[in-house]
Amino acid sequence: MRGSRQNNVTIRLPKEVPTGVARSFEILIPVLVVIGTLHPLNLFIEAQTGMILPQAIMHVLAPLVSASDSLPAILLSVLMCQIFWFAGIHGSLIVTGIMNPFWMANLSANQAALAAGTVLPHVYLQGFWDHYLLIGGVGCTLPLAFLLLRSRVAHLRTIGKMGIVPSFFNINEPILFGAPIIMNPMMFIPFVCIPMVNAVIAYTATRLGWLAQVVSLTPWTTPAPIGASWAANWALSPVIMCIICMLISAAMYLPFLRAYERSLMKSEEQKLKATSPLAETVS
C-alpha cells in the first residue's frame with residue numbers, strides 16, 4: 001500500500017468523489033497484488049502438502065501452540081503482566097496481544113472436542129485468564145477491595161468504597177492508582193504472586209479433572225464467578241474455584257495491607273507531630 005503510493009501506482013479519482021469511496025479505489029491495486037501473489041503460493045503449498053496456506057501455518061506453529069498451554073507459559077505470561085503493570089505499563093494489553101492467537105486456537109480445539117464428545121485438550125484460554133487470574137482486575141484485587149472497606153486508614157476506606165463496584169466488573173484502576181498498588185513496594189509481593197498462586201491451583205485442579213474447562217469466549221467485564229461458569233458451559237466447579245481463589249487472595253493480601261496501614265498511620269502521626277509546634281507558634 002505504502003509502496004504503491006510512493007510510486008504513484010494507484011487509482012486517482014476527482015476531488016468531488018467522497019473520501020471513503022476514493023480510498024477504496026486507492027487500495028484496489030495493492031489488494032490485487034496481494035491476491036495475485038498469495039493465490040499461486042497457496043496453490044503450490046496445497047499441491048505439495050495437501051494443506052492450504054492457513055493450515056500450513058498452523059501446522060508449523062503447532063509446537064508453539066502446544067507450549068502455550070503449559071503451566072510455565074501461564075506463569076511466565078502472568079509474571080510479565082504483573083511486572084509491567086507494577087511499573088505503570090498496561091501489561092494486560094501486551095500479554096493478551098501475544099496470547100490471543102494461541103487462546104483462539106485452543107478455544108477452537110476445545111469446542112471441536114466438546115462437539116465430538118471427546119476430552120477437552122486445552123486449559124489455558126482467555127476465560128481461564130480473566131476469571132481465575134484477574135478476579136476484580138489485574139492482581140486479583142476484588143478481595144482486596146473488600147479488605148479496604150474495613151481498613152483502619154480513612155484514605156484506604158475511601159478507595160475501597162470507590163473501587164468495590166468497578167472491581168465486580170474487573171475494572172480496578174481506582175484501587176491500582178488510588179491505594180496505590182502501582183509502584184508501591186509494600187504491595188509488590190502479593191500483587192505479583194497472588195495471580196501466579198491462583199494459576200497453579202486452577203491449572204492443577206483442571207488437570208486432575210476437578211475443574212471444568214473453558215469452551216466459550218466471555219466478555220472480560222463479566223463478574224468472575226458468573227463469567228467462569230459461563231465460559232465452562234455453566235458448570236458449577238468454576239464458581240467454587242473462583243471462591244477458593246478469592247479466599248486465598250484475601251488471606252495473602254491481608255498481612256501486607258496491615259503493614260501498609262501501619263506505615264501510613266505512622267506517617268500521619270509524624271506529620272501531626274511536625275505541624276503541632278508550628279500551630280502553637282502561630283496561635
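At roughly what angle do the axes of helix 5 and helix 11 cross? The axes of helix 5 (residues 71–86) and helix 11 (residues 188–207) cross at roughly 160° and come within 10 Å. The model is predicted, with local features needing pLDDT of at least 70, side-chain atom pairs counting only at pLDDT 80 or more, and totals for chains, interfaces and linings using all residues. Residues are numbered from 1 along each chain as its sequence is written, and side-chain values use heavy atoms, with hydrogens and water left out.

**View 1. Helix 5 against helix 11.** The angle makes helix 5 roughly antiparallel to helix 11 (over 145 degrees; axes are lines fitted to C-alpha atoms over the stretch in contact, with angles from 0 to 180 degrees between N-to-C directions). Contact (heavy atoms within 4.5 Å) involves residues including Leu71, Ile74 and Trp85 of helix 5 and Phe188, Phe191 and Tyr203 of helix 11. By class, this contact of helix 5 with helix 11 has 15 nonpolar, one polar and no charged residues (Ala, Val, Leu, Ile, Met, Phe, Trp, Tyr, Cys and Pro count as nonpolar, Asp, Glu, Lys and Arg as charged, the others as polar).

**View 2. Surroundings of Phe128.** Leaving aside neighbours within four places in sequence, Phe128 is in contact with Ile74, Val123, Leu133, Ala199, Ala202, Tyr203, Thr206 and Val214.

**View 3. Helix 8 against helix 9.** The axes of helix 8 (residues 142–149) and helix 9 (residues 154–168) come within 7 Å and cross at roughly 145°. Among the residues that meet are Leu142 and Phe146 in helix 8, and Leu156 and Ile164 in helix 9. The contact of helix 8 with helix 9 divides into nine nonpolar, two polar and two charged residues.

Technical notes:
Helix = DSSP H or I, 4+ residues; strand = E, 2+ residues; numbered from the N terminus. Parallel < 35°, antiparallel > 145°, perpendicular 65-115°, else oblique.
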